[in-house]
Amino acid sequence: MLAPSGHPDIQACFDKIDHDWLLTHVPTDKKTLQQWLKAGYIERQIFHQTEAGTPQGGIISPVLANLALDGLEALLKKQYPRHKGLKVHLVRYADDFIITCSNRQLLEQEIRPLVERFLAQRGLQLSPEKTVITHINEGFDFLGFTIRKFKGKLIIKPSVKSQQTLLKKVRSVIKEEGKNLSALGLIRRLNPILQGWCNYHRHVAASRTFKRIDDQLYRMLWRWAKARHRNKSHRWIYQQYVSDGQGRRQPFQTSTVDETGKRVTVELTRPTQIPIRRHIKIYGAANPYDPAWEPYFEQRRFRKTVDELPQRFKLRALWRLQRGLCPVCGELINRTTGWNIHHLLWRVYGGDDELDNLVLLHPACHTQVHHPGYNGPSLRPAMGV
């Protein structure tokens, strides 16, 4: 039987956590914790005391919420062990969580009351409006994703609500702020919003969603351009902002002059150009502070960097051959550091573009190698040639 899933939501979690419970059970300095809890907050230049809950916007609030809810998973495992075949599992992120079970009646009559008693001890309660019990085939939203089984296969997509929130924010920026922004300013304002949303959703079945968002962006920016250039033709607007010069559609773009005086093109982040990368789950026992797990995390970092490299075979092959390290300084090469491709036998001396004649270097290291007085490490051993 497919598991019905309870998707509870805690009502005003950060506002109602019981201070006495936190002071009694949280293993930290009690005086410091009490000062955090009683810090209060300022709204519209008026100071408000905090008699319950955690500080509004305080960096410690999510930590305290996690500590308050810690123990719920162990309670469920103890009450409904795996050998009973009930498939009772908890998935939690901060104050948002899912509880699965193969028996709807058990969820409604036993598990939900158990969770309510657990929360009541901490001064919390479930939100009646947002807590639902549904079948996995009908699907549910969790952390901005819609999770559903379709014909026996689990499909995870960006939720409709998350898409609407993004488009509403983008539309607001274009309509309200865009009146006073140039194309360059508008691109710089929108790019972090689009990049962040797409990076968050790129690990699921989001290709069609990205295409839909891309089309919506094109329409909104086209209307902005027409309003900005009322006396210009559609052809002029198209060539100015979205044409590659040969009539093909490109991302919304404009040109500017960088700090060196060179004219460069700045493009809007286009969702369809962000590749889908399946997330590889981390081992539950993995500890980033345990030296025994260092090789495991190095492997994950290596895989992540490879995935972030542009889709060019030669570049990826070189990076793998060098184990991601610059042979001059021995440090990691990634998008943050940047890279240059260096020819071991220079092109002017007859060198070719085959892999055994190429090496990736940091830009500064590349400059150093080309200095007439360079006497640093040999580059060939790093390539194994």
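Predicted model: local features only at pLDDT ≥ 70, side-chain atom pairs only at ≥ 80, totals over all residues.

Mentor: Residues are numbered from 1 along each chain as its sequence is written, and side-chain values use heavy atoms, with hydrogens and water left out.

Trainee: How many helices and strands are there in the protein chain?

Mentor: Helices (H or I, at least four residues) and strands (E, at least two) are DSSP runs, numbered from the N terminus. By that rule the protein chain has 14 helices and 13 strands.

Trainee: What percentage of the residues in the protein chain is buried?

Mentor: A residue is called buried under 20% relative accessible area, exposed over 50%, and partly exposed in between (1.4 Å probe, protein chains only). The protein chain has 385 residues, and the buried share of them is 38%.

Trainee: At what angle do α9 and α10 pack?

Mentor: Two packed helices are described by the angle between their axes and the distance between the axes. Axes are lines fitted to C-alpha atoms, for helices over the stretch in contact, and angles run from 0 to 180 degrees between N-to-C directions. Helix α9 covers residues 207-228 and helix α10 residues 234-241; their axes are 11 Å apart, and the angle is about 120°.

Trainee: Which word describes α9 relative to α10?

Mentor: Angles under 35 degrees count as roughly parallel, over 145 as roughly antiparallel, 65 to 115 as roughly perpendicular and the rest as oblique. The angle here is about 120°. Therefore α9 is, relative to α10, oblique.

Trainee: How do the residues of the contact of α9 with α10 divide by class?

Mentor: Contact means heavy atoms within 4.5 Å. From α9 come Y218, W222, W224, A225 and K226, and from α10 come H234, I237, Y238 and Y241. Ala, Val, Leu, Ile, Met, Phe, Trp, Tyr, Cys and Pro count as nonpolar, Asp, Glu, Lys and Arg as charged, and the others, Gly among them, as polar. The division is seven nonpolar, one polar and one charged.

Trainee: Is the crossing of α5 and α6 left-handed or right-handed?

Mentor: The axes of helix α5 (residues 72-79) and helix α6 (residues 104-120) come within 11 Å and cross at roughly 140°. A crossing is left-handed if the near helix is turned anticlockwise from the far one by less than a right angle, and right-handed if clockwise. For α5 and α6 the crossing is right-handed.

Trainee: Which residues of α6 meet α5?

Mentor: The contact of α5 with α6 has seven nonpolar, one polar and no charged residues. On the side of α5 stand L72, L75, L76 and Q79; they meet, in α6, I111, L114, V115 and F118.

Trainee: Which residue in β5 stands opposite R92?

Mentor: Strands of a sheet pair through backbone hydrogen bonds, either parallel or antiparallel. Strand β4 (residues 89-93) and strand β5 (residues 96-100) pair in the antiparallel sense over five bridges. Opposite R92 stands F97.

Trainee: What is the phi of K151?

Mentor: Most residues other than glycine have a negative phi, and most peptide bonds are trans. K151 lies in the loop between β8 and β9 and is exposed, with a relative accessible area of 77%. Although K151 is not a glycine, its phi is positive, at about 55°.

Trainee: Is H366 buried or exposed?

Mentor: H366 lies in helix α13 (residues 363-369). Leaving aside neighbours within four places in sequence, H366 is in contact with N340, I341, H342 and L361. Its relative accessible area is 16%, so H366 is buried.

Definitions and conventions:
Pairing = 2+ DSSP bridges.
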